[in-house]
Amino acid sequence: MKRFRGFVIKEFYHIFRDKRTLVILFGMPIVQILLFGYAVTNEINNVDLAILDKSKDAETQKIIHDIAASKYFKISDILEDEGQIEAIFKKGKVKAVLVFAPNFDKDLITNGSAGVQIVTDATEPNVANSVSNYLSSILQKYQTDINKAITIPYQIVPETKMYYNPELKSVFMFVPGIMTVILMLVSAIMTSISITREKEMGTMEILLVSPLKPHQVILGKVFPYVFLAIINAIVILALGFFVFKMPVQGSYFLLALESILFIFSALSLGILISTISETQQTAMMTSLMGLMLPTILLSGFIFPISSMPVALQVISNIIPAKWFIILIKGILLKGVGIVVLWKETVVLLFMILLFIGVSIKKYKIRLE
Amino acid sequence: MKNDPAIHVENLTKMFGDFTAVNSISFQVGKGEVFGFLGANGAGKTTAMKMLIGISKPTSGQARVAGFNVRTHAEEVKNSIGYMSQKFSLYNDLTIKENIVFFGGIYGLPKSVLKEKTQALVDELGLHDHADALVRSLPLGWKQKVAFSVALLHNPKIIFLDEPTGGVDPITRRQFWEMIYREASKGVTIFVTTHYMDEAEYCDRVSIMVEGNIEALDTPNKLKERYQVGSMNEVFLKLARNIE
C-alpha cells in the first residue's frame, strides 16, 4: 500500500508539472461548457431582417411594427424591389427578407387572403429554419388578433407541452453531452498517453523489473485520473446547475454512481489503447479518432440516434457514451431511478469487464 | 547455496515465431564479478538480458539469478537485482530527491532509510546544489551517475546495466566505471552490456554474442591471446567476420 501511495504521488507530480496537461484537464471543461452554453444555441436573438413592402398600407405597417417590437428581429433594411434581395443576402448581414404582395390590405379585406413571402438565407440552415418559424408565428398571432371578432366554426388548436425542458434550452442538452466528452477525454486519452509515455521513455521497463506487479503499475497510473475525472464531473455539473440552472431531478447518489461507472469504462478503454500503442502519438491519435469522434458524433450528444441510418444506429450501441448520455439525461432531467436505468447500467458494467479483460490478455502477450 | 554462482544459465533459448533470437546459451557469472556481455546490435544480448531480469519468458532452458529460478521465482529475482537501461532510467520531470524517494519506495524501503540514502547519495555525487533540481536540467553524465546510484538503492546482489554509458563523454565514462568497480569491490555482481570495446577491457570476463550464440567467453587477456590480436576491438571484429 505504501508503495502504491508513492506511485500515485509521483503520478501527480507528472500531472501538475505539465502545464499543457493542466490546461486540458481543467481549462477545457469550463471553456467548453461556457461556449456551448452561451454561444452554441438554436435560439435566435436580434436577427437582421429586411422588408420589401410592395403594398405600404396600414396593415403591413402594423405587422412590421409587431416584428420590430419583438426581441427576435431588428429591421435593418427596407428594400424597393426583388432584385435587391440577393444583393443584400450576399452582403451577409441580413438573414431574411419579408415580402408583402401589392394591395396587401385590400386583398386581406375583400378576398379574405393576402400574400406574404418569407425569404431566408439558408447558408445556415438552422438559423433559416428558426427565423422562418419565428416570423410565421408572429404573422399567425397577427391573424388571430384580427379574427377575434369573428367566430370560426371549426378549429383545431393544438396545445403543445414540452416536458422536462419546457423552454427547450439547448444547454440542457449540452451539459450532459460535454460532461460525457470531457470525462471520456480525461479518462481515456490522458491515461493512455501517460501509460505509453512510460513505455516510450523506457521507465516502464524499470517499473516491470521492480517488485511492483504489472497491475499495480497500471492501477497507480490510472488512480489519479479517476480522481481528476471526478473533480471534472463535479465542476461541470456545478456550472450547469449554478450558471445555466440545469435541474437535478433525480438522485445525487445515483448520478455520482453512474458517473463513476462511466469514468471506469473510459479508463479501461484508455488502458486498452495503451496496450496496443507504443508511442504517445499513436495513443493520442487512436484515442482521438477511435474515441472522441464517435463520442461526439454517434452518442446522441449532438445528432439524435433515431434519425441516423440503421448501420450507424447499430454501431452507436458499442459506444459507452451513448449509454451514459441516456443515463445522465434520465437522472438530471426526468428524475428517473435505477428501476428504469438498470439496462444502461448493466451495459456499461459489461463494457468495463470486456475492456479490462482484453487489456489483460493483450498485456500478457506483450510480456511473453 | 553459498557457492552458487550469481547467475547460472543453461541452454537458455528464446524464439520469436521461427526466429531464434537466443540459441541455447549457457554461462555462469561469479559473485562480485564484472561480466561484460557483448554483441552487435540484434545479436540477441538485450533479449537474453530481458529473460534474466524477468520481463521476458524463456522459450526453453534454465536460468538462475541470485539463486532463484527466473521462471518460477520471478518475484525473488526482482527483489535481488537492480537494473539500469540504455534508455534513460529516471523521470525527467521529477527532482533528484523525488526520483530517489520514488524508486526507493517501490522497492519498499522505509522512509528513514530513504532519507539516509538520499543524503549519502547526494554527498557522494556532490549534488548538494542540485538535489531539488529537475532531472531534466542535469547534464547527461550526471543523470547516468544518479540513475546508477538509484538502481543500487535497495542493495541488490546483482546489477544489470544495459549500455549504461551510451552517448556519454570519455571522462564521465571513466568515472562511471570507477563507480562500477567500487560496487564490485563490495561484492555486487555486475552484468553489463556495452558496445564500447575499450570498456570491454575493464571487465573481469566478457562473452561475445553473435547471431544468438555465445561465440567466445573468457577474460579479455585470454581472448586477445587466443585470437592473437592487441585489443578487444579486434577480437570482436574477427568473431563477427568469421560468421559472415
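How much of the accessible surface of chain A belongs to carbon and sulfur atoms? I found 66%, out of an accessible surface of about 19,500 Å². A reminder to myself: this is a predicted model.

**Chain A, overall shape**

I went on to the fold and counted 14 helices and four strands in chain A. Next I looked up the dimensions. The C-alpha trace of chain A spans about 95 × 45 × 40 Å along its principal axes. The radius of gyration of chain A is 28 Å, whereas a compact globule of 368 residues would have one near 21 Å.

**Chain A, inside and charges**

I then asked what share of chain A is buried. Buried residues account for 44% of the 368 in the chain. I also checked the contacts in chain A between residues at least 6 apart in sequence, and 77% of these join residues at least 24 apart. For the charges, I noted 34 positive and 27 negative ones in chain A, with their mean positions 15 Å apart.

**Where chains A and B meet**

Next page: the interface. I see 26 residues of chain A in contact with 31 residues of chain B. The two chains bury about 2,400 Å² between them, and 58% of that is on carbon and sulfur atoms.

**Helix α1 of chain B**

I turned to α1 of chain B, residues 45–52, and found this helix mostly covered, with six of its eight residues buried. I wrote down the buried ones: B:K45, B:T47, B:A48, B:M49, B:M51 and B:L52. After α1(B) comes B:G54, and I noted its positive phi, near 85°.

**B:T118**

My last stop was B:T118, in helix α4 of chain B, which runs over residues 111–125. Is B:T118 buried or exposed? B:T118 counts as buried because its relative accessibility is 7%, and the cut-off for buried is under 20%. I also looked for its partners, leaving aside neighbours within four places in sequence, and found B:T118 in contact with B:K97 and B:I100.

Notes
Residues are numbered from 1 along each chain as its sequence is written. Chains are lettered from A and ligands numbered from 1 in the order in which they are written. This is a predicted model: local features need pLDDT of at least 70, side-chain atom pairs count only at pLDDT 80 or more; totals for chains, interfaces and linings use all residues. Side-chain values use heavy atoms; hydrogens and water are left out. Helices (H or I, at least four residues) and strands (E, at least two) are DSSP runs, numbered from the N terminus. The radius of gyration is taken over C-alpha atoms; the globule rule is 2.2 Å times the number of residues to the power 0.38. Buried means under 20% relative accessible area, exposed over 50%, partly exposed in between (1.4 Å probe, protein chains only). Contact means heavy atoms within 4.5 Å. Accessible areas come from the Shrake-Rupley method with a 1.4 Å probe; for residues, only the protein chains shown count as cover. Lys and Arg count as positive and Asp and Glu as negative; His and the chain ends are not counted. The place of a charge is taken as NZ of Lys, CZ of Arg, CG of Asp or CD of Glu. Buried area is the accessible area (1.4 Å probe) that two parts lose on being put together, summed over both.
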